[in-house]
Amino acid sequence: MKNITEILKERILVLDGAMGTMLQAYKFTEEDFRGEEFKDWKLSVKGNNDMLSITQPEAIKEVHRKYFAAGADIIETNTFSSTTIAMADYKMEDYVYQLNYESAKIAKEVADEFTKENPDKPRFVAGSIGPTNKTGSMSPDVNDPGYRAITFDELRIAYKQQAGALLDGGSDILLVETVFDTLNAKAALFAIEEVKDERGIEIPVMLSGTITDASGRTLSGQTAEAFLISVSHVPLLTVGLNCALGANALVPHLEAISRNTEYGVSAHPNAGLPNAFGEYDETPDEMAGQIKEYLDKNLINIIGGCCGTTPEHIKAIADLAAQYKPRVIA
């Protein structure tokens, strides 16, 4: 199978769309989330999508298959919140290894199915590493700006556990995504470098920040350019942006990254902005029409979708991306 680094120079690769959006359609109940393994769990777990990799694995597989069938080259594991830090909300810290391992194993099984069917289009699994629900560089208490809810070391330890389990389960890539605080991202990247050193391996790493509003900055106050500078000492497959904004709003920030990095550039925006009910109205054609600007300007190497995107969105994006050459990587 060709190395993903080589393929990235040949064509634009397509990442999958939203897992949460797809899972909402199943309308799982509290009992469905619990399954057999957690049927007597002490807290409500409805909404803990990551645990569905253990309790509803066939649904997760079905979502992965739909995205591959739509044209995705890379699917993300169902592990956005699978750290001890985020799972503390459900008192499920002890299940973090299992959550990551099973999610990666499920995704890899589906990827191998599709690669076997068409070896000329190998499919890859990106182990999804989310930002956690705590921030390392800002205080959650407006009355105590010096307070921190978590330390760099606590983040590093949690990310290291997640990264190791994702690799054990078969992930081909590690994707540190939706970065709103660069200090959190640095803890994740540091942890990944530790895992690589200890195991004597190389693993492609994707890094994706999130611009939180029209100011063009991350939550911790960095512009896209400053974010890039902060992480460029780490060997990366791609650096890019996802979530928070629709495709057209990301253009100037992707331009800033694209002209200042020798790495590949990725983008997986939302299907526009949510309406009053928290739903996304942007159609596949509308979203693809906006992403055409990325392609016309030669800004990206990997393109996909975040909140509100479905296999229909990914198909429209994949069909469009196939008509373009990828951005040249130094």
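Buried here means under 20% relative accessible area, exposed means over 50%, and partly exposed lies in between (1.4 Å probe, protein chains only). Helices (H or I, at least four residues) and strands (E, at least two) are DSSP runs, numbered from the N terminus.

This is a predicted model, where local features need pLDDT of at least 70, side-chain atom pairs count only at pLDDT 80 or more, and totals for chains, interfaces and linings use all residues. Residues are numbered from 1 along each chain as its sequence is written, and side-chain values use heavy atoms, with hydrogens and water left out.

Let's start with α13. It's mostly covered, with 8 of its 11 residues buried. Among the elements covering those buried residues are β1 (13-14), α2, α5, α12 (284-296) and β8 (302-303).

Now for α5, residues 57-69. The buried residues of α5 pack (contact means heavy atoms within 4.5 Å) against α2 (19-24), α4 (52-55), β2 (74-76), α7 (96-117), β3 (124-129) and α13 (311-321). After α5 comes G71, with a positive phi near 120°.

| Helix | Buried residues |
|---|---|
| α5 | A59, I60, K61, V63, H64, Y67 and F68 |
| α13 | P311, H313, I314, A316, I317, A318, L320 and A321 |

Finally, H253 sits in helix α11 (residues 247-258). H253 counts as buried because its relative accessible area is 15%. Leaving aside residues up to four places away in sequence, H253 touches I211, G216, A224 and L241.
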